[in-house]
Amino acid sequence: MALFVILLFVWGLAALMSIVGPLHNRGTRAAVLVAAGACLLFFLAEDAFRNPLVIALPPQYCLVGIRPCLKFDWLSGWFLAVLAFCTIAISLYAPSYMNHLKPAPDMRIYWVGFVVLLAAMCGVLLAADAITFLICWEAMALSSAMLVLTNHQERATRTTGLIYIAATRISTLFLAAAFLWIHGITHSWSFAVWHLTGQIATWPAILLVIGIAIKAGCWPFHLWLPAAHPAAPAPVSALMSGVMVKTAIYAFLRFFIVQRAIQSTDAAYLLLTLGLITAFWGVLFTLLQRDLKRLLAYSTVENIGVITCAIGMSMVAFQFGYAGIGLTLEVAALFGVLSHALFKSTLFLAAGAVDIAADCHNIDKLGGLGRRMPRTFLCTLAAAASFCALPPMAGFATEWMLFHGSLLLALDSHQPALRMGALLLVGWLSLVGALAMATCIRFVGVVFLGRARSLACQKAHECNRSMQAGMALTAVMSVVTGITAAAIIGELLHAINHGGPQVLAVGYSLPMGQFVLLALASAGLLTSWLAYHDRTAGTADVQAWDCGSGGLTARMQATAESFAQPIARLFGNIYRYAIEVEFDGASPRLFPEHITVETHADATMESRVYAPIVRIIDRLGGLIAQLQTGSIHTYLLTMFATLLLLLAVAGYYR
Amino acid sequence: MSTSTAMLLAELAVEALVLPLLLVGILRTLRARLQKRTGPRILQPFYDLARLTRKSSSISLETGPVFRTAPAISLTAYLLVALVTPWWGLCAPIRGDLILVIFLLATARMAIGLAAMDTGTAFGGMGASRESMLSIFVEPTMVLALSAAALVSGNLWLNGLAKPSVIAGGSAYVLPLAAAALWLAAAVETSRMPIEDPVTHLELTMIHEAQLLEYSGARLALLEYQSALKLTVLYGLVAQLLLNELVIREPFERWVGTLGLILCLVVAAAILDTLLVRLHWRKLPDLLIFGLAFSLVACLLAALRG
């Protein structure tokens with residue numbers, strides 16, 4: 001507890017540092033303090049992971065008649081550790097990045113918002129009662145909205161800020177409704193007391209799922225993610241995508257699995273369905289994005305979908321009485337949180353570095369940055385490998401636990417429907433995995449490999465050391481956590497089973513050490529043989545094969561658009577994908593002088609579902625606006641009518 | 001390490017080094033004979049490999065380290081696949097499961113795909129993009145087919161496929177369907193007709209080969225060997241499913257049976273290469289969906305059996 005107070009004090013000091021003191025290096029000083037606080041947070045998390053503890057705040061901090069409670073346990077500890085890692089990396093990266101930003105942002109707003117967001121996330125992860133949880137949830141939403149609006153001079157940013165704030169409002173609405181409903185049943189705000197099962201749990205559970213799913217960015221509520229991320233500065237995107245959306249995953253785990261606060265089969269199936277659609281939808285739209293950060297935001301939607309699937313499947317397994325398999329899938333979700341936080345922060349930070357170096361985030365105008373920014377490229381490659389779940393990265397451990405758990409369910413269960421469901425889940429996720437791979441080759445290949453597509457790309461140079469350090473930290477961690485996954489998962493299982501009933505779960509039982517050694521030996525031997533061969537037999541520098549057309553140019557290589565085309569055609573109905581080709585010239589068919597190709601794709605949810613809803617709300621808003629004429633008589637009449645209405649309602653329900 | 005393990009490893013090494021190239025030789029010769037050509041010698045792939053390793057590489061000026069190291073990475077992935085799958089009829093020396101195999105194949109695909117993007121040519125990008133499209137069908141097909149087989153053998157580890165003791169005979173069509181699905185996926189992975197013409201010289205029609213267009217010399221040698229190894233391992237896996245359907249339990253019989261079945265599949269490939277024409281790549285989904293359907297039905301039957 002003392003550590004927690006010191007931590008808040010250090011972060012408060014960081015916020016203060018960004019406001020007062022000499023103007024230059026304000027950001028650096030704040031960043032150093034934030035990172036120091038994050039180191040403390042890591043120790044706090046480690047302590048919480050091993051020694052669970054519940055603390056009620058002193059009575060003078062009473063809120064609406066209840067004493068706020070903080071609970072330090074393994075689940076909070078796990079998420080706090082993830083938060084701490086990402087925060088250290090991001091605060092290493094942030095000061096130099098923010099200095100490069102044009103127009104120069106207000107550093108005071110940025111750092112104060114950053115610190116409030118960090119503290120609020122800690123609060124959400126530690127809250128043991130609904131009121132504290134909701135207050136921290138709100139603080140988190142508002143401070144992150146402030147950070148998204150860092151570049152508020154631009155109109156587009158303000159629009160996305162509005163979308164984001166609206167999404168957080170709706171999320172809070174659903175959450176508050178769920179909490180009130182549960183409070184009505186249990187007469188308590190404390191999570192520890194909540195144990196709802198059976199029919200009565202269904203509706204609160206569904207409300208809760210929706211409220212949290214909006215924050216997580218699950219389909220069909222994913223809208224705010226691809227809107228907010230491109231607008232926010234890279235460190236903010238990294239923090240939001242890496243950790244903040246994970247607080248929603250935390251909430252799912254806390255309410256539905258760890259605390260067993262609400263047990264509802266409907267909620268499990270709802271979560272599973274949402275997860276399956278989210279994963280597919282997210283990856284499908286990742287494939288078509290041209291804006292680097294928007295692409296990454298959609299891929300976050302996909303990853304959240306996969307993690308939600310793991311949680312949903314875990315709930316199903318628990319409900320059918322397969323506790324061991326449920327635990328395996330739960331661990332898959334937890335490890336997924338870690339691996340996604342690490343690789344997605346790396347990718348967002350790398351996207352920021354690319355944005356600064358080439359002054360562009362349209363991937364069709366980038367290219368060949370791998371040779372100009374080798375370290376950024378290496379970090380991106382590691383993160384992309386983890387994203388595609390390539391062994392031995394952290395992403396692979398997640399995917400392995402998830403697939404293995406589902407297959408075990410298919411093997412052990414005796415209900416054909418459950419067996420088939422588990423197999424279908426595996427098939428579906430491998431489809432998603434194949435698509436994710438395509439998006440990764442597209443994004444890494446187009447941005448970092450091949451020829452430079454613009455002058456700015458040719459002149460790009462590596463970002464500075466502190467930014468590299470930030471990226472490298474998370475990238476290296478995704479490799480390290482992947483190789484040591486068996487030990488980490490073992491620790492996690494130990495902590496989960498500590499002090500409770502012992503549930504036997506399958507750990508990460510691949511002999512990963514052997515594989516890594518063999519792979520290193522083989523790849524090392526082969527590459528050194530190739531290098532030796534190149535030296536002894538010599539190499540000839542040639543031009544790439546151009547069919548004798550007289551030299552290739554950067555415009556002849558595959559673009560992001562053309563790379564996505566074969567797959568986009570397959571799913572054309574979902575995208576409403578259309579290609580228009582126009583030939584121009586004297587004899588357009590035989591000797592075209594100009595060829596114009598235009599592709600159209602459409603985010604179906606936005607145009608078909610949300611746009612009409614927004615129009616309806618707009619129209620209703622117009623009706624309400626008619627009341628606001630500025631006439632005091634109308635206002636008084638409205639107030640009086642409202643009072644009468646409320647009295648009537650109260651009288652009716654008495 | 002006991003002597004029997006050492007023997008086993010030595011045998012595996014010989015089989016993994018010699019058999020793939022031999023099979024490719026047989027395939028090429030047979031196809032040539034079926035087309036009434038004399039064709040190369042059966043041992044020609046060995047000579048080709050030796051010739052390629054002697055040659056110096058031509059490397060495009062525009063490429064970077066990704067292009068240079070990708071063959072080593074992808075071959076490593078395939079060697080690991082060969083070490084964890086019981087493709088030769090006996091238990092693999094290292095315990096692995098279908099998830100690991102699928103993601104190792106994905107690793108190889110990513111390495112080659114990125115190398116193709118690194119060349120900065122139209123063909124490279126085209127190949128990588130088409131290969132990614134095919135993988136959308138291949139990956140779920142392989143996962144589902146191997147899952148169905150795992151369910152039948154009652155063991156999630158791949159060695160369960162080669163452990164005859166746990167095989168319940170009469171799998172109600174699960175294994176033949178899974179084998180058919182896996183065979184179709186293998187046809188895509190190994191660029192056979194009608195998916196791709198393995199001897200085409202027209203870059204515009206290439207899929208997998210378009211990614212390898214820029215490779216020469218030692219790197220090409222690695223890739224050639226890798227594609228031969230891929231063919232052998234995947235056919236070996238298909239053979240395991242069929243052997244389990246036939247309830248062949250004796251290790252020696254399995255070993256012989258596997259070799260025989262792999263040879264049968266190679267002959268079948270040669271005949272199909274002769275009989276079929278290449279499909280337009282946009283038509284391929286219509287064919288590959290059959291593989292997916294087979295594996296789904298196999299899964300359904302396997303799920304109903306329990």
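Tutor: A:Cys309 counts as buried, since its relative accessibility is 0%. The model is a predicted one, and the values below are computed from it. For A:Cys309, the closest cysteine sulfur belongs to A:Cys218 at 9.1 Å, which is too far for a bond. The cut-off for a disulfide is a pair of cysteine sulfur atoms within 2.5 Å.

Over all chains, the structure holds zero disulfides. A:Cys122 is accordingly in no disulfide, and its nearest cysteine sulfur, in A:Cys136, lies 9.3 Å away. A:Cys122 is buried as well, with a relative accessible area of 0%.

Helix H3 of chain A covers residues 74–100 and helix H9 of chain A covers residues 234–258; their axes come within 9 Å and cross at roughly 175°. The two helices are therefore roughly antiparallel to each other, because angles over 145 degrees are counted that way.

Chain A has 24 helices and seven strands. Its radius of gyration is 26 Å, close to the 26 Å from the globule rule for 654 residues, so chain A is as compact as a globular protein of that length. Along the principal axes, the C-alpha atoms of chain A fill a box of roughly 90 × 65 × 65 Å. Of the 654 residues in chain A, 56% are buried. When contacts in chain A between residues at least 6 apart in sequence are considered, 77% join residues at least 24 apart.

Chain B can be described in the same terms. Chain B contains ten helices and one strand, in the order α-α-β-α-α-α-α-α-α-α-α from the N terminus. Its radius of gyration, 19 Å, agrees with the value near 19 Å for a compact globule of 306 residues. The box filled by the C-alpha atoms of chain B is roughly 55 × 45 × 40 Å along the principal axes. Buried residues account for 62% of the 306 residues in chain B. Of the contacts in chain B between residues at least 6 apart in sequence, 81% link residues at least 24 apart.

Note on methods: Residues are numbered from 1 along each chain as its sequence is written. Chains are lettered from A and ligands numbered from 1 in the order in which they are written. This is a predicted model: local features need pLDDT of at least 70, side-chain atom pairs count only at pLDDT 80 or more; totals for chains, interfaces and linings use all residues. Side-chain values use heavy atoms; hydrogens and water are left out. Buried means under 20% relative accessible area, exposed over 50%, partly exposed in between (1.4 Å probe, protein chains only). Axes are lines fitted to C-alpha atoms, for helices over the stretch in contact, and angles run from 0 to 180 degrees between N-to-C directions. Helices (H or I, at least four residues) and strands (E, at least two) are DSSP runs, numbered from the N terminus. Angles under 35 degrees count as roughly parallel, over 145 as roughly antiparallel, 65 to 115 as roughly perpendicular and the rest as oblique. The radius of gyration is taken over C-alpha atoms; the globule rule is 2.2 Å times the number of residues to the power 0.38. Contact means heavy atoms within 4.5 Å.
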